[in-house]
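Welcome! Let's walk through this structure together, one question at a time.

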Amino acid sequence: MNSKQFYFSLGRPFSPLYSLAMHFRALLYKKNYFKTHRVSVPVISVGNLTLGGTGKTPVVQYLARLLQQNGYKPAVISRGYGGESRKPVNIVSNGFELLLDAKEAGDESCFLADTLPGIPILTGVVRKLPAEQAIVMGANVLLLDDGFQHMQLARDINLVLFKTDVLAGNSRVFPGGDLREPVTALKRATTFVMTDVHQENHDRADQFASLLHAKFPEIKTEFARYEKKRLVQLDSNDTLSPSELTDLNQVPTYGFCGIAHPQAFQQTLKKQQLNIVGFSSLPDHVEYTDQRVATLLHKADKVGAEALLTTEKDLVKFKEKTLPLPLYALRMETKFDPTFDQYILKEIQR
């Protein structure tokens, strides 16, 4: 039994209480005892039912680019998890320049700001406040990152993501399991999205999609896959510059990451035919203190590494840090079938 399973076993007696509380909260919103704020532009929420990562940030990236390429002016609204700023509205990026760093705004928000030029990124705990500010700045579509449980802000498209290799975990509600809410909460969704679908798990994705359809026949399911693009590296100006995967083919490289499912990134690296000589799994949203960086460098030195490789989300935390080894990130992008694009654009046009 791993530590996660151990803590879930301790929390299992309290799951029904938490489940009832979340169900009651949703009911209060449905009956309008808790007010839902509707803004003047369409809102697309990207969220999940489970704890941990399901690929929300890459899907937000994909949607932002899709909307931008089709003439819209999207903005991303996030809670800013992991950021130290407690202001009601934090403008991480105005679309042209990064205004806050990862320590202030959170790693995912800065990652989005670095990779989505021309698209404002705003954070705030009460998300209707940065939402309204984004509209003042010119946004005509809002992307609500990790918004499924944030019912205070009305949305027009409600995407719920499931990571194919994790699905619904043990199907119990926190603190006895992986679910943030009871399964009945999925009735609020407009679309389910199975993320990180590939050849080895496609049958698993199909089976879970069939199960979802049996329980929620009116809600369709889409599949998303990841495609590796290239390497990126922080240049001397702390901006992301592209490199080719072949640049690391023969170089002993030490991999690391601080994401919700580090084993998935480790498996991805193994498929790239790179010379990975070691790997460290760190906690999600980890802070790269001087001590932690020193430990990573020591481990890399022990195995003879001549380069470091991580995720883009981790890479943005190394701005203004000087390292003795070159640091790269593997750029991965989400891909959908054209029918998904058509669905999103059609719903927005309404």
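The expected span of a helix is 1.5 Å times one less than its number of residues; helices (H or I, at least four residues) and strands (E, at least two) are DSSP runs, numbered from the N terminus. This is a predicted model, where local features need pLDDT of at least 70, side-chain atom pairs count only at pLDDT 80 or more, and totals for chains, interfaces and linings use all residues. Residues are numbered from 1 along each chain as its sequence is written, and side-chain values use heavy atoms, leaving out hydrogens and water.

Q: How far apart are the end C-alpha atoms of helix α7?
A: Helix α7 covers residues 202-215, which is 14 residues. At 1.5 Å a residue, α7 should span 20 Å. The distance between its end C-alpha atoms agrees: 20 Å.

Q: Which residues of α7 are buried?
A: Buried means under 20% relative accessible area, exposed over 50%, and partly exposed in between (1.4 Å probe, protein chains only). On the other side of α7, Asp203, Gln207 and Ala214 are exposed. The buried ones are Ala205, Phe208, Ala209 and Leu212.

Q: Which side chain does the side chain of Asn48 join in a polar contact of 3.2 Å?
A: Asn48 is found in strand β1, residues 43-48. Asn48 is buried, its relative accessible area being 0%. A polar contact is a pair of N or O atoms within 3.5 Å; within protein, one must be able to donate a hydrogen and the other to accept it, and residues adjacent in sequence count only if both atoms are side-chain atoms. The partner here is Lys56.
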